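Work through the exercises below with the sequence and the model side by side. Try each task before reading its solution.

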Amino acid sequence: PAAQCWPLVERNGVVWAWYHPEKKAPWFEVQAYDEFEAKSGWSQHRREWRFASNPQEIAENGVDMAHFQFVHKMEAVPEGQSSYEGHIRTSTAQGVSTLALPDGSSKTVARSVKTVQNGAGQKFTRISGLVDLALMVLATPVEADLVELRFCINWPTVAEDSADYRMVQMAIETLCGQKGIEGDIPIWENKIYRAKPLLCDGDGPIFRFRKYFEQFYINTPPA
């Protein structure tokens, strides 16, 4: 049989392929972000994992508010505000972080996290506060229960011997290490999907997110 061709576009330093089992044309575009389109002034770190899961489970992690405390040992994670408009979900959360300084004093800094989910395949997060980071979450399904997950993190270039650089590296390790994705992977690999889970106060708007994500499937069975 002839090889199948899929629509491609290169954006943000990534080659994006549009897959539709019924071969329908793309109905929305990949968004471009200055942090990844810029030719200079930005540094980059990449990380990659391969495990048993799928893009919906990974994306749903962001609205599972309760797990941040118990899996990642994070305190006072605000649910923030979310909006849904067609294929785009936007969420924002704001808070404060306290940094211990070498002289024994502390500094409180306002922080914010804004995430844009553009369809099932593109997720962009901008983190501001102690450090400024731009994060692309790239989840590529390989088989029904196998996914390749890539983090691409950009930040304004600073000297590698500076305190700012050390802060960036600490933030990256928090995102990628046990307090971040690597704390989630064993759960993703072993959890059982429940279409109608029993949720408690504080679990987060999981059903609303699943309703949003349904539009990216065809022939979705009733829940």
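The model is predicted, so local features need pLDDT of at least 70 and side-chain atom pairs count only at pLDDT 80 or more, while totals for chains, interfaces and linings use all residues. Residues are numbered from 1 along each chain as its sequence is written, and side-chain values use heavy atoms, with hydrogens and water left out.

**Exercise 1. The chain as a whole**

Task: State how many helices and strands the protein chain has, and what share of its residues is buried.

Solution. Step one is to list the elements: helices (H or I, at least four residues) and strands (E, at least two) are DSSP runs, numbered from the N terminus. The protein chain has 6 helices and 9 strands. Step two is burial, where buried means under 20% relative accessible area, exposed over 50%, and partly exposed in between (1.4 Å probe, protein chains only). Of the 223 residues in the protein chain, 35% are buried. Step three is contacts, that is, heavy atoms within 4.5 Å. Among contacts with a separation of 6 or more, 55% are between residues 24 or more positions apart.

**Exercise 2. Strand β9**

Solution. Two strands pair if DSSP finds at least two bridges between them. His45 is opposite Ile153 of β9.

**Exercise 3. Helix α4**

Task: Locate the buried residues of α4 and name elements that cover them.

Solution. Helix α4 (residues 163-176) has 14 residues and spans 20 Å from its first C-alpha to its last, close to the 20 Å expected at 1.5 Å a residue. The expected span is 1.5 Å times one less than the number of residues. The buried residues of α4 are Tyr165, Val168, Ala171, Ile172 and Cys176. Viewed down the helix axis, these fall within an arc of 125°, so they line one face of α4; the arc is that of the directions from the axis to the C-beta atoms. Their cover includes β3, β8, β9 and α5 (181-190).

**Exercise 4. The nonpolar cores**

Task: Identify which residues of the largest nonpolar core touch the most other members.

Solution. A nonpolar core is a set of buried Ala, Val, Leu, Ile, Met, Phe, Trp, Tyr and Cys residues joined through side-chain atoms within 4.5 Å. The largest has 22 residues, of which Trp49, Phe51, Leu133, Leu149 and Phe151 touch the most other members. The elements giving two or more residues to this core are β3, β8, β9, α4 and α5. Another core, of 11 residues, lies apart from it, with Ala134, Met136, Leu138 and Cys152 among its members. In soluble globular proteins, nonpolar side chains tend to be buried together. For Phe51, contacts beyond four places in sequence include Ile58, Leu149, Ile185 and Trp188.

**Exercise 5. Loop residues**

Task: Decide whether Asn12, Lys23 and Tyr193 are buried, partly exposed or exposed.

Solution. Asn12 is in the loop between β1 (8-11) and β2 (14-17). With 3% relative accessibility, Asn12 is buried. Its C-alpha is 4.8 Å from that of Phe36, 24 residues apart along the chain. Asn12 also has a positive phi of about 60° although it is not a glycine. Lys23 likewise has a positive phi of about 60° without being a glycine, but at 59% relative accessibility Lys23 is exposed. Lys23 is in the loop between β2 and α1 (34-37). Tyr193, in the loop between α5 and α6 (206-213), is partly exposed at 45% relative accessibility. Beyond four places in sequence, Tyr193 is in contact with Gln56, Glu57 and Arg210.

**Exercise 6. Cysteines**

Task: Count the disulfides.

Solution. A disulfide is a pair of cysteine sulfur atoms within 2.5 Å. By this rule the count is 0. Cys5 is exposed at 63% relative accessible area, and Cys200 is exposed at 54%.
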